[in-house]
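Good morning, and thank you for making the time. Please look at the sequence and the structure together.

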Amino acid sequence: LHRVDRRQRQMCIRDRSSSGHVDGELQRIYTLGDKYPSLIRVPTSFSYFEPTVFTVKHDFTVKGWKSLAGYQIGAVRGIKLIESGLQGMDNVHYVLGSNQLLEMLARNRLDVIITARFNGLYQIRELKLDRIKELKPGLGKAKLYHYLHKKNRHLVAALDKVIKAMKTSGELQRLRAVSYTHLTLPTIYSV
């Protein structure tokens, strides 16, 4: 196991992972294995996904998906959890990537966007978009799992054992805490 393919989600899963061209998928939702039976879920979740609302000009308490009705909403196409939450809303604009999503928000082309909390904070920091703020609470939390192609089924138990040990020792929690601390520390931009 050594390759990470960063192509678009659906195409990557369909064309590369489920066919065995790559070894598996990292940090995917539980139901992925239902759609792609050639992928075997490592039983213990590795991380979690927190769909979060970000905005420039609005300030409100998020009270579920429906509280976004009436706003121009942006999201990255292909993130099934977010697409499901926005289903039935006609004010949604889908884009192909996070950079485009955050830039559209920064230019006031959207009222709010929804992305993973970690991803949003990371992009805000990397793109120096300090006017964008996170609204709370988040829209839930979904566990994420690693999947291996069936040709690698012999590695599932070993990988699961390592993930369990990292959870038990607190290592996964510490890694996440360090990552979030880094993202929320003030950044001094030089000109």
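Predicted model: local features only at pLDDT ≥ 70, side-chain atom pairs only at ≥ 80, totals over all residues.

How many bridges join strand β5 to β7, and do the two strands run parallel or antiparallel? Three bridges join β5, residues 73-76, to β7, and the two run parallel. Strands here are DSSP runs of E with at least two residues, helices are runs of H or I with at least four, and both are numbered from the N terminus. Two strands count as paired if DSSP finds at least two bridges between them.

Residues are numbered from 1 along each chain as its sequence is written, and side-chain values use heavy atoms, with hydrogens and water left out.

The protein chain has seven helices and nine strands. Of its 191 residues, 45% are buried; buried means under 20% relative accessible area, exposed over 50%, and partly exposed in between, with a 1.4 Å probe and protein chains only. Consider also the contacts, defined as heavy atoms within 4.5 Å. Among those between residues at least 6 apart in sequence, 68% join residues at least 24 apart.

Let us return to the sheet. Five strands form an open sheet with mixed pairing, in the order β6-β5-β7-β4-β8. Its edge strands are β6 and β8, residues 133-135, each of which pairs on one side only. Neighbouring strands are turned by 35 degrees against each other on average, direction ignored. For this and later angles, axes are lines fitted to C-alpha atoms, for helices over the stretch in contact, and angles run from 0 to 180 degrees between N-to-C directions.

Strand β7 covers residues 112-116, and five of its five residues are buried. With β4, residues 51-55, β7 runs antiparallel, joined by five bridges; Thr52 has Thr115 as its bridge partner in β7. Strand β4 also pairs with β8 in the antiparallel sense, over three bridges, and there Val53 is partnered by Leu135.

Two helices pack on this sheet. Helix α4 touches β4, β5, β6 and β7, and its direction makes about 150 degrees with that of β7. Helix α5 touches β4, β7 and β8, at about 110 degrees to the direction of β7.

How do the two helices meet, and at what angle do their axes cross? The axes of α4 and α5 come within 10 Å and cross at roughly 70 degrees. That makes α4 roughly perpendicular to α5, since angles of 65 to 115 degrees are given that description, while those under 35 count as roughly parallel, those over 145 as roughly antiparallel and the rest as oblique. The contact is made by Ser98, Asn99 and Leu102 of α4 together with Asn119, Gln123 and Ile124 of α5. Within α5, Gln123 and Ile124 are buried, as are Arg117, Gly120, Leu121 and Arg125. After α5 comes Lys128, whose phi is positive, near 55 degrees.

I turn now to the interior. A nonpolar core is a set of buried Ala, Val, Leu, Ile, Met, Phe, Trp, Tyr and Cys residues joined through side-chain atoms within 4.5 Å. The largest one has 37 residues, and those with the most contacts inside it include Val53, Ile73 and Ile114. Elements giving two or more residues to this core include β4, β5, β7 and α7. Helix α4 gives the most, with five residues. Apart from this core lies another, of six residues, among them Val42, Leu148, Val156 and Met166. As for Ile73, leaving aside neighbours within four places in sequence, its contacts include Leu68, Leu86, Val112 and Ile114.

Finally, strand β9, residues 142-149. Seven of its eight residues are buried, so β9 is largely enclosed by the rest of the structure. Strand β1, residues 24-28, is joined to β9 by three bridges and runs antiparallel to it, with Gly24 opposite Leu148. Strand β2, residues 39-41, also pairs with β9 in the antiparallel sense over three bridges, and here Ile40 stands opposite Leu148. Strand β3, residues 47-49, is likewise antiparallel to β9 over three bridges, and Ser47 has Leu144 as its bridge partner.
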